[in-house]
Amino acid sequence: MVDTKVTLCGIELDNPVIPASGTFGYGYEFAELYDINCLGTFSFKGTTKDPRFGNETPRIAECPSGMLNSVGLQNPGVDKVISEELPKLAKVFNKPVMANVSGFSVDDYVYTTEKLAAEEQVGWLEINISCPNVHGGGMSFGTDPCMAADVVRAVRKTTDKPLIIKLSPNVTDIVSIAKACEDAGADGISLINTLMGMRLDLKKRKPILANVTGGYSGPAVFPVALRMVYQVSGAVSIPVVGMGGVSSAENVIEMMMAGATAVEIGAANLTEPFASRDIINDLPLVMEKFGITSLKEIIGAAH
Amino acid sequence: MKQGIFSIKENTQLTPTTWRMVLAGDTSAVTAPGQFINIRLDGHFLRRPVSVNDVKHAEPYTGEGLGTGTDEGAVTIIYKVLGQGTEEMTKMPAGTKLDVLTGLGNGYDLSDAGDRPLLIGGGVGIPPLYLAAKELLKDAKSRGTDREVTVILGFNSSDEIYYADEFEELGCRVAVATADGSVGVKGFVTDAFRALASEEGFTHFYTCGPEPMLKAVYEEVFKGAGISGQMSFEERMGCGFGACMGCSCRTVTGYKRICKDGPVLRTEEILW
């Protein structure tokens, strides 16, 4: 019998598999397909202070081994998430959930984090300072170490629950930003958010996406993500949650060997609705294949 | 929604750019005309969403409505060659296995059809109306009521015409419009509608087609003639089952996902 359990910021997970924010809604679309309690946990749709429609459509473009999205943080706002989405989620998911928070100012982040942290269902807060698809906020906090630290220090004051800061790969030096977040009081780092890209419609001679640019995700970005997880986990002493193109149990193990304590699954959920469940089912077999008895033992093994 | 492996039974060309594919497999998740399936193609990351043109559930079929089949049914799709993915589909021989998500989207609600429903289809938007017409006529027959189904089909030119005969064989009254006037009414589906408008009394309409056509139909048939209807929309999709928010639109009743809350919207809720 192999042991798939890991501990993320003091909370034990049955396995390290976590569907990533924005690819799993608030859980119940997938709960119609399978019992989502098999998951380690999941990170729910990025939530902001006020309701947002997001960007105009088209928001999706295909790429080699991946896709671009420019959804732009569509969500019903934190109050409705608490009054409507979380009660619905409680009916289908009985584990602590990861709340994903976005904002356009430090005050936005503080407001939304404080409200979500007060919810018993919420185990961790994943603070997204890396959304590439909104203007005047989001990623701008995640591309500068000082601004990243400002957000972390401010949200730190609102809760003792674990704060995991989600970083952008669209930077020159992701390690310096991760360190700034650690120094400011973060309990963990998650990476990577999507890589900024674009595609054109050759007939129209214009960008496919209404937002012009979007975030690239899918198997194509896995090597980039793995490299960044390796670098960041080697430089900080807090846990790292790895994500970016993970689509198999082998990818999960590779991310963990690179230094991830847990692993998020993103785009794979969209093209293979059973992907996260299937990866969890495959994990024990793949562990045996590589002589792994406990996933805890392999975290950072490549360093 | 169900995920299943389907086997291609037939893949035939209908027009220079339009093909029909019959896929055998578990059709039980297909519960309404206007729904779509999402097909995985090797070498492409995103699945290809295609509307259901027809479905034949496994025998014995209980006649209790759609959705009672088991794993020996068949679903028919009609697809237009638009890019590399659909181009590759044309080359797939019978027997090819495809990974397909079925039963996606809300589909048309046929309960409001009345005794003189009007179906309006343009180009690649025509296929889902075939199953709608079939179900509308079957429903009327099973209830022993009279129902006249009128179908307006719009194409650019005569070489693009398909399924006009199939609708007639079902027992529909068919009017064709071509933009170049080579067959039927010269112009768009709305021109064909005006030609029919002297015969008033359409009870409800169902439509699918390119967005400019939908907008014209909305103005002419809903706003102009005062007939309520249901319109099927298209949008670039990520997942096709409501998870990614890639295909959202604004409606009178709030934000809706074309893939999950649509693709069919009612005229009363549409915001252009």
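Colleague: How many residues does the hairpin that joins E13(B) to E14(B) run through?

Modeller: Two residues link E13(B) to E14(B) in that hairpin. Bear in mind that this is a predicted model.

Colleague: In which sense do E13(B) and E14(B) pair, and over how many bridges?

Modeller: The pairing is antiparallel, with four bridges between strand E13 (residues 248–251) of chain B and strand E14 (residues 254–257) of chain B.

Colleague: Which residue is the bridge partner of B:Cys249?

Modeller: B:Lys256, in E14(B).

Colleague: Now the two chains. How many residues of chain A are in contact with chain B?

Modeller: Chain A has 36 residues in contact with 29 residues of chain B. The two chains bury about 2600 Å² between them, and 58% of that is on carbon and sulfur atoms.

Colleague: Which three residues supply more of the area that chain A buries than any other three?

Modeller: Those are A:Phe53, A:Glu62 and A:Thr271, which supply 24% of the area that chain A buries against chain B.

Colleague: Moving to sheets in chain A. What is the order of strands in the open sheet of seven?

Modeller: The order is E3-E15-E14-E9-E8-E7-E6 in chain A, and the pairing is parallel. Its edge strands, each pairing on one side only, are strand E3 (17–19) and strand E6 (97–101) of chain A. From one strand to the next the twist averages 25°.

Colleague: How many bridges join E8 to E9 in chain A?

Modeller: Three bridges, between strand E8 (residues 163–166) and strand E9 (residues 188–191) of chain A, and the two run parallel. One of the pairs puts A:Ile164 with A:Gly188, its bridge partner in E9(A).

Colleague: Which strands does H3(A) touch when it packs on the sheet?

Modeller: H3(A) touches E6, strand E7 (122–128) and E8 of chain A, and its direction makes about 165° with that of E7(A). Helix H9 (residues 275–289) of chain A packs on the sheet too, where it touches E3 and strand E15 (262–265) of chain A. The direction of H9 makes about 175° with that of E3(A).

Colleague: What about helix against helix? At what angle do the axes of H2(A) and H3(A) cross?

Modeller: Roughly 25°, and the axes of helix H2 (residues 78–92) and helix H3 (residues 106–117) of chain A come within 9 Å.

Colleague: Why call H2(A) and H3(A) roughly parallel?

Modeller: Angles under 35 degrees count as roughly parallel, and the crossing is at roughly 25°. H2(A) and H3(A) are therefore described as roughly parallel to each other. The crossing of H2(A) past H3(A) is right-handed.

Colleague: Which residues meet there?

Modeller: From H2(A), A:Val78, A:Asp79, A:Val81, A:Ile82 and A:Leu86; from H3(A), A:Tyr111, A:Thr112, A:Lys115 and A:Leu116. By class, the contact has six nonpolar, one polar and two charged residues.

Colleague: And H3(A) with H4(A): how near do the axes come?

Modeller: Within 9 Å, for H3(A) and helix H4 (residues 145–156) of chain A, with a crossing at roughly 35°. That crossing is right-handed. H3(A) contributes A:Val106, A:Tyr109, A:Val110 and A:Thr113, while H4(A) contributes A:Asp150, A:Val151, A:Ala154 and A:Val155. The classes in the contact of H3(A) with H4(A) are six nonpolar, one polar and one charged.

Colleague: Back to sheets. What order do the strands have in the open sheet of four?

Modeller: E4-E5-E13-E10 in chain A, with antiparallel pairing. Strand E4 (60–63) and strand E10 (195–197) of chain A are its edge strands, and the twist averages 35° from one strand to the next. Within it, strand E5 (residues 66–69) and strand E13 (residues 214–217) of chain A pair over three bridges, and A:Leu68 stands opposite A:Tyr216 in E13(A).

Colleague: Which residue has a positive phi although it is not a glycine?

Modeller: A:Ser65, with phi of about 50°. A:Ser65 lies in the loop between E4 and E5 of chain A.

Colleague: Why list such cases?

Modeller: Because most residues other than glycine have a negative phi, and most peptide bonds are trans.

Methods. Residues numbered from 1 in each chain as written. Chains lettered and ligands numbered in written order. Predicted model: local features only at pLDDT ≥ 70, side-chain atom pairs only at ≥ 80, totals over all residues. Heavy atoms only, no water. Axes fitted to C-alpha atoms, helices over the stretch in contact; angles between N-to-C directions. Parallel < 35°, antiparallel > 145°, perpendicular 65-115°, else oblique. Left-handed = near helix turned anticlockwise from the far one by under 90°. Contact = heavy atoms within 4.5 Å. Nonpolar A, V, L, I, M, F, W, Y, C, P; charged D, E, K, R; others polar. Pairing = 2+ DSSP bridges. Buried area = accessible area lost by both parts, 1.4 Å probe.
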